[in-house]
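Please look over the sequence and structure shown here.

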Amino acid sequence: MNGPQDLGGQMGFGPVAPEKDEPYFHAAWEKRALGVTLTAGGMGAWNIDESRHARESLHPADYYSSSYYQIWIKALETLLKRHGFVTERDLAAGKAVDAAATPKRVLKAADVPAVLAKGGPCDRPVATPARFRAGDRVRTKNFNPTGHTRLPRYARGKNGTIEAVRDGFVFPDSNAHGRGENPQWVYTVVFDGAEIWGEGADPTLTVSIDAWESYLEPA
Amino acid sequence: MTHDHDHDNELDPFAARVRALETILTQKGLIDPAAIDVIVDTYETKIGPRNGARVVAKAWNDPAYADWLKRDATAAIESLSYTGRQGEHMQAVFNTEETHNLVVCTLCSCYPWSVLGLPPVWYKAPPYRSRAVIDPRGVLEEFGLTLPKDKKIRVWDSTAELRYLVVPMRPNGTEGWSEEQLAELVSRDAMIGTALAREPQGEPA
């Protein structure tokens, strides 16, 4: 979706302002926000693509005025309500009021190190051979899907070169919406700065994205 | 009286919101609050940019390892026991005399947790995510890094599940340094691409 998350090339947000010796957390609640997000995800009711889509579905004004941990928590509330774990009445009361759906599992403290060490690999076998090879010229699709996608607006309808054929990966555009993993080949596609930004582009710049096969057609 | 508890739960409305959510989920038996403590401890004390710095230092000192890192970063990094969440599919990109690499996630906050830990706020915020792909030189200036005009810049937008680690160039004057000494020159920012490796100040510590 053309949502607030799709930031590449937008203007007006001001300087980056890196913080010297930045701490991992700026408030105690951020620690709990990280942990609640990960442990709730550990119930296995949604995948990372659905999580990302919940975050980018915040109203743009809300998204841009929220810190990233705030974005996480707001999206988590959406996910918990959608999957029947939390209700508006629970949130209004600040305590459990209604019954909850039964989770597939509950992440226990003793299992955290193993779960974090394992991560969540999303490479998958793909039945068909890769359509493109390194060096091929490709054009990215021009589309504006209303659902989740990982093809940023700035890289749509652009000519680029396949730099590397990666692996088969879960396709976020369907997986975010419960329509299956439908793995596809992923490629690193590199574009000249001028192809993307046109007049005035930095002549020394190239930009790459990692693109699922269905985002691409031969150029 | 002692004052070792923090007050922000009482003062900040968002802190109250997070606490309420944790309370609800705990009361319903959906999460284990002790699991949160373990997660926080992991990313505060165990997984951070020192991991990545060790990878870089080893690549500087060991050409065979550097070659492996180039071909199969996931396996090469796993051989140092750095694995797991947001590091499942790693790529290492090497700075050269010709090209400087910079990593961003314009669409969210994708970052190689297994080697760099949790991302800094600026990496997740709109100014960096919006400008890194269109004005990387301007962004780097804000980090105090001015690249030569003819240096090529390659920006890697992490739009899929590959996670990128920049291997900065080894500074001159570090011949014979140990991996431990070299790792001290490798900052988090150097592995994102918003800095270079530190120049050595005299003999290694």
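## Domains of chain A

Two residues are in contact if their C-beta atoms, placed from the backbone, lie within 7 Å. The model is predicted. In chain A, the domain assignment gives domain 1, residues 28–118, and domain 2, residues 137–218. The centres of these two domains of chain A, taken over C-alpha atoms, are 29 Å apart.

Contact between the domains involves 5 residues of domain 1 of chain A and 4 residues of domain 2 of chain A.

## Annotated span of chain B

An unreviewed UniProt entry annotates residues 14–195 of chain B as "domain: Nitrile hydratase alpha/Thiocyanate hydrolase gamma". This span of chain B is 48% helix and 12% strand, and its end C-alpha atoms lie 34 Å apart.

## Contact between chains A and B

Chain A gives 73 residues to the contact, and chain B gives 71. Among the elements of chain A that give two or more residues to this side are the helices α1 (28–41), α2 (48–56) and α4 (68–82), and the strands β2 (159–169) and β4 (205–212). The largest share, 11 residues, comes from α1(A). The side of chain A that touches chain B divides into 42 nonpolar, 14 polar and 17 charged residues.

## A strand pair across the chains

Strand β4(A) pairs with strand β3 of chain B, residues 152–157, in the parallel sense over 5 bridges. Which residue of β3(B) is the bridge partner of I209(A)? The partner is D157(B).

How values were computed: Residues are numbered from 1 along each chain as its sequence is written. Chains are lettered from A and ligands numbered from 1 in the order in which they are written. This is a predicted model: local features need pLDDT of at least 70, side-chain atom pairs count only at pLDDT 80 or more; totals for chains, interfaces and linings use all residues. Domain bounds come from an automatic or database domain assignment. UniProt positions are given in the numbering used here, feature names are shortened, and annotations may be inferred rather than shown by experiment. Helices (H or I, at least four residues) and strands (E, at least two) are DSSP runs, numbered from the N terminus. Ala, Val, Leu, Ile, Met, Phe, Trp, Tyr, Cys and Pro count as nonpolar, Asp, Glu, Lys and Arg as charged, and the others, Gly among them, as polar. Two strands pair if DSSP finds at least two bridges between them.
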